[in-house]
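Colleague: I would like to go through this model feature by feature. Please give the general rule each time, then the case here.

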Amino acid sequence: MTATKDINVGIVGATGYTGLELVKMLVKHPRFQLAYIANSEGDTTINELHPSLSGVCEDKVEKADVDAIAKHCELVFLALPHKTAMAYVKPLIAKGVKVVDLSADYRLPLDIYEEFYCPHTDVENLSHVVYGLPELFRQELKSAKLVANPGCFPTSAILGLLPFMSKRVADTPIIIDAKTGVSGAGKKLSEVTHFVNVNDNLFAYNPLMHRHAPEIANKLGVDFEMVNFVPHLVPVTRGMLSSIYITVEGDFDAEALLREHYKNDAHVRVSSKPVDMKNVAGTNFCDIYVQKKGNLLFIASAIDNLMRGASSQAVVNANLMMGLDETMGIPDIAYVP
C-alpha cells in the first residue's frame with residue numbers, strides 16, 4: 001500500500017548543496033509533500049538551479065515569503081546562512097509553522113553565540129529550541145517546534161566522544177583532527193576552494209578557533225579550553241572524517257562500550273576496522289571505530305558532511321517532530337564505488 005503524502009513541508013534556501021540534498025529526499029519521502037521551495041530571489045525553477053533534478057522535480061522556486069510559507073507548510077527547512085535564518089524563524093514560529101533550522105543561529109546559548117557569531121535578534125526562541133542530534137535529544141525532538149540542526153563537525157565529533165566521556169580523565173585535552181570535503185564550504189566560489197588550490201593539496205584552516213569548537217564543547221558539557229579542534233580541507237567533494245584523541249582511566253573494552261551505547265540507534269554503525277568517508281557517502285550513517293592503547297583512546301568518526309552533517313539529519317529531525325519513524329525516507333545505501 002502506498003502511503004499518503006499528507007504533510008506539507010517547504011524549503012527556504014534551495015540554491016545551495018544542502019537545499020539540493022533536501023529536495024532529493026523530500027520528493028521521494030512517503031509522507032512529506034514538498035509544497036513550497038524558495039530562495040532569496042525566486043523567479044526560477046528548481047531544475048534550473050540544479051539541472052540534475054530535470055525530469056524528476058521541476059517545481060517553481062519562489063522568492064521567500066513568510067506568509068506564503070505559513071499558507072503552504074506545516075514544517076519548513078531553513079537552509080540559510082546564520083543571521084539570515086533567525087529573521088525567518090521568529091515570524092514563522094509565531095504563525096505556528098514548525099522549523100528545522102540548518103544554520104548556527106539556535107545551536108548555542110546566547111552569550112556563546114554572540115561571542116563567536118553576531119548579535120542575536122530572536123532571543124525569545126532560544127528558550128525552547130531543541131538541539132537536533134537524535135542520539136542526545138530524541139524524546140525532546142518529538143515535541144519540538146524549533147530544532148537547531150547540528151553543525152557537521154560537531155555531529156561527527158560528538159557522536160564519537162559521547163560513549164567515552166565518563167571514562168575521560170577530568171581536565172585533560174580533547175584533540176579533534178578533522179578532514180572535510182570541499183562541499184562543506186558551500187556553493188559560492190572562493191580563492192581557498194578554487195580547484196587549483198584544493199586539487200592535490202591538504203591544509204588546516206581556523207585551527208583551534210573554528211566556530212564549531214564551542215558547539216562541541218557546549219554539547220559535551222566541557223570547557224571550551226579543553227576542546228582542541230583543527231579542521232582540514234581535503235580534495236574530495238563530500239565526506240568528513242574526525243580523528244579524536246582523549247586520555248581515559250580504568251580497564252574497559254572500548255569497542256564493547258561503544259556497541260552498547262549505540263545498540264538502539266539506527267544511524268550509528270560501529271566498525272571493528274578504521275572507518276572511511278566512502279562507506280557513508282550519501283547516507284545518514286555515522287560510522288565509528290575505537291582503539292585503546294594504555295590510557296590513550298583513539299576514536300575515528302565518519303559522516304557525509306552534506307547528509308548526516310546537514311540535510312538527512314534535518315529530515316530525521318522533521319520525522320520525529322511530525323510523529324513519524326525517524327528512518328522514514330532516509331537514504332541508507334552509500335555511493336560506492
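Colleague: Is Tyr245 buried, partly exposed or exposed?

Modeller: Buried means under 20% relative accessible area, exposed over 50%, and partly exposed in between, with a 1.4 Å probe and protein chains only. Tyr245 has 30% relative accessibility, so Tyr245 counts as partly exposed. Phe298 is also partly exposed, because its relative accessible area is 22%. Some background: this is a predicted model, where local features need pLDDT of at least 70 and side-chain atom pairs count only at pLDDT 80 or more, while totals for chains, interfaces and linings use all residues. Residues are numbered from 1 along each chain as its sequence is written, and side-chain values use heavy atoms, with hydrogens and water left out.

Colleague: How many aromatic pairs does a search of the whole structure find?

Modeller: Rings of Phe, Tyr and Trp (its six-membered ring) pair if their centres lie within 6.5 Å; planes under 30 degrees apart count as stacked, over 60 as edge-to-face and the rest as tilted. The search finds 6 aromatic pairs. In one of them, Phe153 and Phe229 have ring centres 5.0 Å apart and planes at 65 degrees, so this pair is edge-to-face. Phe153 belongs to helix H8 (residues 152-161) and Phe229 to strand E11 (residues 227-233), 76 residues apart. Helices (H or I, at least four residues) and strands (E, at least two) are DSSP runs, numbered from the N terminus. Phe153 is buried because its relative accessibility is 3%, and Phe229 is buried with a relative accessible area of 1%.

Colleague: Which kind of aromatic pair do Tyr245 and Phe298 form?

Modeller: Tyr245 and Phe298 form a tilted pair, 5.4 Å centre to centre with 40 degrees between the planes. Tyr245 lies in strand E12 (residues 240-247) and Phe298 in strand E15 (residues 296-303), so the pair ties together parts 53 residues apart in sequence. Ring pairs also bring in Tyr289, giving a cluster of Tyr245, Tyr289 and Phe298.

Colleague: Which ring does the charged end of Lys219 sit over?

Modeller: The criterion is NZ of Lys or CZ of Arg within 6 Å of the ring centre and within 35 degrees of the ring normal. Lys219 sits over the ring of Tyr131, with its charged end 4.5 Å from the centre. Lys292 lies over the face of Phe252, 5.2 Å from the ring centre.

Colleague: What is the strand order in the open sheet of 7 strands?

Modeller: Two strands pair if DSSP finds at least two bridges between them. The order is E10-E11-E9-E12-E15-E14-E13, with mixed pairing. Strand E10 (203-204) and strand E13 (268-270) are the edge strands, each pairing on one side only. Strand E9 (residues 174-180) runs antiparallel to E12, joined by 6 bridges, and Ala178 has Ser242 in E12 as its bridge partner. Another open sheet has 8 strands in the order E3-E4-E2-E1-E5-E6-E8-E7, also with mixed pairing.

Colleague: Where is His50 placed, and which residues are in contact with it?

Modeller: His50 is in the loop between helix H2 (46-49) and strand E4 (60-63). Contact means heavy atoms within 4.5 Å. Leaving aside neighbours within four places in sequence, His50 is in contact with Ala14, Thr15, Gly16, Leu20 and Lys187. The side chain of His50 also reaches the backbone oxygen of Ala14 at 2.7 Å. His50 is buried, because its relative accessible area is 4%.

Technical notes:
Polar contact = N/O pair within 3.5 Å; in protein donor to acceptor, adjacent residues only side chain to side chain.
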